Amino acid sequence: MSDNYQAVSNCADIQTSKTGPLAGLRLLVKEMLDVRGLPTTAGHPSYAAWRGEVEAHAAPVARLLKAGARLVGKTHTHELAWGLTGINPYYGTPLNPLDPARIPGGSSSGSAVAAAAGLAELALGTDTAGSIRLPASLCGVWGLRPTWGLVDGQGAVPLAPSLDTIGLLCAEAGFLALGMGALLPRQKTREFKTVLLPMNDGDLLSHEAQAARLRLLTVLQGLGLEVQALTMPDMAWAAEIMRVIQGAEVLNSHQRWWSEQDVRLGEDVAGLRALASKFTVPQIGAAISNRHAYTRQLRAMLPEGALLLLASAPNVAPTLLEMQHPDTALDFRRKVLRLVAPASLAGLPALACPVFLKNGLSIGMQLMAGAGQDRSLLKLALAIAQSGRIYVD
């Protein structure tokens, strides 16, 4: 497989069935999921040896292979999947096909790039705190963060288990619907009637992001959905709750590896680890309690038949050069986490929908629904895609 985008870590050719709904479709797998016979690096050069020989496919990989997909390799990830840029100090940074000078987004960077570049129809990713939605937004592809717990995570490297989900990134909505159809349990599909539009997130969005959201809103109205404005529960509060819970769970997930080996982490992940190590037991307990309160508020806002429309990113992909400036990187991270935290905290499904600007860059939107409405979101994705790519006028 020719990879000019630095997205693929290992090539393979694995096919267990030549029949099924995914027959003929190529599959790439994020380095956070096991593939029998290939190392699982989790984006760090010492992790694979510590984890040992991989003797079985991760559950989502096995399901997609059983449905007929042909596995052609694995994709790079941000180190430990703990980061939003996709910049990896050990394996390099996958090149954003829309503009190689810009970050691809993380942590499912290689999967988003591979899907956008046409290296595979299906690319498995993980989403803990936006790691499918953000790279999908910045690379211009579709993606789904499923309802928490619906996709079997056996054989995946944990990051923060109460937030971790596994989904797909695809260049076309049709491929996303087919692939996720093989991963999700049966669900009753519903027609969405209302799209909820937050009125208190404008300070997070660039002019391009606001225009992209309005453009998708117009498409949804054309499909018969009515618009209803609302005020979101405090998104800064949500991001802070998630930061504490995620950090505490990451330390727990990797403590054994770190204690058994002298692991040197990249600068950004080492910084996150240092911050997380300072969380106190009362602070973590308060975050867990606040998470329950936030989840109740958010789920109450999403009755059956309602969608919540949020941006997946505050602006187009920043350049690699811009992200070297600490203030720029911090501001980008702060805004992204506020946008992605609601679905992550509440365990709700979120569809990443690409919207393109006239200059060819993308700012994706996320459509969030009630728990268990994943297949309804996929059905909506197909309806949205029928009119072709969405461009800002």
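Helices H9 (residues 281–300) and H10 (residues 326–346) cross at roughly 100°, and their axes come within 9 Å. The two are therefore roughly perpendicular (65 to 115 degrees). This is a predicted model: local features need pLDDT of at least 70, side-chain atom pairs count only at pLDDT 80 or more, and totals for chains, interfaces and linings use all residues. Residues are numbered from 1 along each chain as its sequence is written, and side-chain values use heavy atoms, without hydrogens and water.

**H9 and H10**
- Axes are lines fitted to C-alpha atoms, for helices over the stretch in contact, and angles run from 0 to 180 degrees between N-to-C directions.
- H9 contributes Arg291, Tyr294, Thr295, Leu298 and Arg299 to the contact, and H10 contributes Pro342, Ala343, Ser344, Leu345 and Ala346 (heavy atoms within 4.5 Å).

**Helix H7**
- Helices are DSSP runs (H or I, at least four residues), and strands are too (E, at least two), numbered from the N terminus.
- The N-terminal end of H7 is capped by aspartate 234, with a side-chain oxygen 2.9 Å from the backbone nitrogen of alanine 236.

**Glycine 155**
- Glycine 155 sits in the loop between strands E5 (142–145) and E6 (165–170).
- Histidine 57 is 98 residues away in sequence, yet the C-alpha atoms of glycine 155 and histidine 57 are 6.8 Å apart.
- Leaving out residues up to four places away in sequence, glycine 155 touches Met32, Leu33, Asp34, Arg51 and Ala58.

How values were computed: Angles under 35 degrees count as roughly parallel, over 145 as roughly antiparallel, 65 to 115 as roughly perpendicular and the rest as oblique. A polar contact is a pair of N or O atoms within 3.5 Å; within protein, one must be able to donate a hydrogen and the other to accept it, and residues adjacent in sequence count only if both atoms are side-chain atoms.
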